[in-house]
Amino acid sequence: MDFLRQTEVIQWRDGKYQTIKENSVDDEYTYLFIDYLPPRKFSTYPKDLEDFAIGYCLGEGLIKDYTDIESIKLDGTNVLVTTKLSHDPEEDLEQDGIVQERKGNCEHACVCRLLEYNGVNSDNAGGIRSEMKTIEPNMSDLTIDATQIIKDIKHLTDEAKIWQKTAGVHVAQLKYGDKIIIREDVSRHVAVDKVIGAAARQGYDFTKSYISYSGRMPADMLIKVIRVGIPIIISNAAPASSGIDVATMGNITMVGFVRDNRFTIFTAPERVNLEK
């Protein structure tokens, strides 16, 4: 199911107009219920939601590894995640070990409040990812050829099937050796969460992986890749100064403005083979 909607519209071009049919993404709200935390609300392209949940938990620092997840259950576009860490609303998300004592035997503390609680719009307002107490430099020795960066963005565009039909989604691509995962979503954050989650399920080594995607690179996006250990992020769009600062502190190679046959390296250029 593509979750696309076709609408009859009027197109104006060069002084002439006609009635045509246009595709748009049928986006929906998704709620993440993670242990005992308040539910979190996202506007999503509602596919690959399990991948999204796993990637979100990793990017938020709610789990250290995919094996920390005990179960994921889907109820429509609501995703119920149970982890071994039994998070509650009072915990410090950056504490060592992030271990909490389980409270009771209920399946999920917040499910019964779904209809009366609007959730936390985590990414819309910068979210929890906008804060990180400590940033450890990424010491991965992964490198990439300059010409490969151009090829990766072209591949990203060629395989972005929903974007080709609607131009209404972001697309993210995670590459590990010769293995590639691609996911699309109306949110750039969710698209990246999806590829991270899918890669975690398949046991990819994030220190040997890198992400290409179609979105800006502010601090909250860099915090996500730092948390999971990805050393390189590539985009056809621009960075924000906050993203450059975080990438510098985290020793992340940030490549932006990948267009036609050019790109700009903002941080940690030693991972790019400029002669190849």
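Visitor: Which side chain meets Asp-152 in a salt bridge?
Guide: Look for a side-chain nitrogen of Lys or Arg within 4 Å of a carboxyl oxygen of Asp or Glu. In this predicted model, the partner of Asp-152 is Lys-175, at 3.6 Å, N to O. The pair links distant parts of the chain: Asp-152 lies in helix 2 and Lys-175 in strand 8, 23 residues apart.

Visitor: Are Asp-152 and Lys-175 buried or exposed?
Guide: Buried means under 20% relative accessible area. Asp-152 and Lys-175 are both buried. Asp-185 and Lys-194 form another salt bridge, with the closest N and O atoms 2.8 Å apart. Asp-185 is at 0% relative accessibility, so it counts as buried. Lys-194, also at 0%, counts as buried.

Visitor: Which residues are linked in a network of salt bridges?
Guide: Asp-48, Glu-50, Asp-51, Arg-183 and Arg-201. Within it, Glu-50 and Arg-201 come to 3.4 Å between their closest N and O atoms. Glu-50 sits in helix 1 and Arg-201 in helix 4, 151 residues apart. Glu-50 is partly exposed at 27% relative accessibility; Arg-201 is partly exposed at 40%.

Visitor: Why is strand 12 largely enclosed?
Guide: Five of its seven residues are buried, so the rest of the structure largely encloses strand 12. Strand 11 pairs with strand 12 in the parallel sense. The chain crosses between them through helix 6, in a right-handed β-α-β crossover. Strand 13 pairs with strand 12 in the antiparallel sense, over four bridges.

Visitor: Where does pLDDT stay under 50?
Guide: Where pLDDT is low, the predicted coordinates should not be read in detail. Here that stretch is residues 92-130. The mean pLDDT of the protein is 85.

Methods:
Residues numbered from 1 in each chain as written. Predicted model: local features only at pLDDT ≥ 70, side-chain atom pairs only at ≥ 80, totals over all residues. Heavy atoms only, no water. pLDDT = per-residue confidence, 0-100. Contact = heavy atoms within 4.5 Å. Buried < 20%, exposed > 50% of the residue type's maximum accessible area, 1.4 Å probe, protein only. Helix = DSSP H or I, 4+ residues; strand = E, 2+ residues; numbered from the N terminus. Pairing = 2+ DSSP bridges. Right-handed = clockwise from strand over helix to strand, strands pointing away.
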